[in-house]
Amino acid sequence: MADTKIFQAQPGAHYRRILDPWVKNTLPVSDPEWQKIEGDSLREIRRKLRKRTFLSAIGLAAKTASHRTVDKVETAYDTIWRDFNWPRPDAPTPKRTYASWGKTGLTLRPGCLGLMHLDLLMDIVERLQPKRVIEIGSGPGSNLFALAASFPDISFTGVELSSSGFKTSKSVQELDVLPQEIAVFNTRKIADDTAHRRIDFRQANATELPFDDGHFDFVFSRQAIEQMELIRDKVLPEMARVASRHVVMFEPFADFNASEHKRLATRKKNHFSAAVADLPEYGLAPVAQFADWPQKIDQGIGMVAAETIG
Ligand SMILES: C[S@@+](CC[C@H](N)C(=O)[O-])C[C@H]1O[C@@H](n2cnc3c(N)ncnc32)[C@H](O)[C@@H]1O
């Protein structure tokens, strides 16, 4: 029987406190200004989908379709992580994220939604006390640097497809002490600012993880299988294979993207769209889920905890 308390989220006020330094503006979702933000976004998504349908009808689909193949994802993230700035609430950036939570529309600085996911991940790791942990699609390593600094006795591994994500993680590992600009992306105390040097980063495709069956007692991903819709039939069973029991995903399951706005955006981006109820097909039994925190207006991310079947 699964102990669902391990995966329990904090009360809303806790996430509100994490969010506060990142908030640029708030509006009631009923406010005409917020309605315009949502309306403009939905119209743009519809326009792009119509364009794709039209080009497909005249035989030019390949020109605009974002098929999100492994090659395309790798190329895209090679560029993204090469110019990556570590997120922090006081970063001078014109970029903004539109999100809503209940009846409040939020204009946020980029990065804070990930910090909330990281905070719940920390709670889960603290309660589960795993020995060996792997992140699938670890990007430049932000989650693992924070986890290793706060839980230095755990062995962490990260698997990343893009060479620039992998190289960025490796270059941070050359530094004796975790730099402040990375260390601030954490909601916990730093127990060891040299633990980042011991993380095992690998460049590999999540369809073929170079590890034995059941090697990790905790497997997680955050907005990584989001990018793997075309290969989810291989990736999810592969995550289940290397897990001895627990798998936690912070991903855009269909359950968190039921509104028209989010459903169409998922289709436009060719993002992961499995439902939580689909997980047993891939060898995973869902045991807990949570999504009551701010969600981007065009994408919902929820925490789904599962156990391996058999
Ligand atoms: C949105 S980023 C998230 C990065 C990180 N998990 C985080 O929370 O910051 C998605 C990451 O998944 C990686 N990825 C996509 N497809 C992959 C695959 N087939 N195998 C391994 N990594 C992959 C991308 O290269 C990218 O770094």
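I began with H5: at 1.5 Å a residue its 17 residues should span 24 Å, and the end C-alpha atoms are 24 Å apart, which agrees. I take the expected span as 1.5 Å times one less than the number of residues. Helices here are DSSP runs of H or I with at least four residues, strands are runs of E with at least two, and both are numbered from the N terminus.

A note on what I am looking at: this is a predicted model, in which local features need pLDDT of at least 70 and side-chain atom pairs count only at pLDDT 80 or more, while totals for chains, interfaces and linings use all residues. Residues are numbered from 1 along each chain as its sequence is written, and side-chain values use heavy atoms, with hydrogens and water left out.

How many residues of H5 are buried? I found 15 of its 17, so H5 is mostly covered. Buried means under 20% relative accessible area, exposed means over 50%, and partly exposed lies in between (1.4 Å probe, protein chains only).

Next I checked how H5 (residues 112-128) meets H1 (residues 12-19): their axes come within 9 Å and cross at roughly 135°. Axes are lines fitted to C-alpha atoms, for helices over the stretch in contact, and angles run from 0 to 180 degrees between N-to-C directions. H1 and H5 are therefore oblique to each other. For that label, angles under 35 degrees count as roughly parallel, over 145 as roughly antiparallel, 65 to 115 as roughly perpendicular, and the rest as oblique. From H1, His14, Tyr15, Ile18 and Leu19 meet Cys112, Leu115, Met116, Asp119 and Leu120 of H5; contact means heavy atoms within 4.5 Å.

Then I turned to H6 (residues 142-150), whose axis comes within 11 Å of that of H5, with a crossing of roughly 40°. Leu118, Leu121, Met122 and Val125 of H5 make this contact with Asn143, Ala146, Leu147 and Ser150 of H6. H5 and H6 are therefore oblique too. After H5 comes glutamine 129, with a positive phi near 50°.

I moved on to H2 (residues 32-57), which has 26 residues and reaches 37 Å from first C-alpha to last, close to the expected 38 Å. At its start, a side-chain oxygen of aspartate 31 reaches to within 2.8 Å of the backbone nitrogen of glutamate 33. Just after H2, glycine 59 has a positive phi of about 80°. Among the buried residues of H2 I noted Trp34, Ser41, Leu42 and Ile45.

Which side chain makes a polar contact with that of serine 41? I traced it to histidine 261, at 2.8 Å. A polar contact is a pair of N or O atoms within 3.5 Å; within protein, one must be able to donate a hydrogen and the other to accept it, and residues adjacent in sequence count only if both atoms are side-chain atoms. Histidine 261 lies in helix H10 (residues 260-269), and it counts as buried because its relative accessibility is 7%. Leaving out residues up to four places away in sequence, histidine 261 touches Glu38, Ser41, Leu42, Ile45, Ile297 and Asp298.

**Two loop residues**

Last, I looked at asparagine 270, in the loop between H10 and strand S9 (284-290). Its phi is positive, near 55°, and it is partly exposed at 23% relative accessible area. Glutamine 223 also has a positive phi, near 45°, but is buried at 18%.
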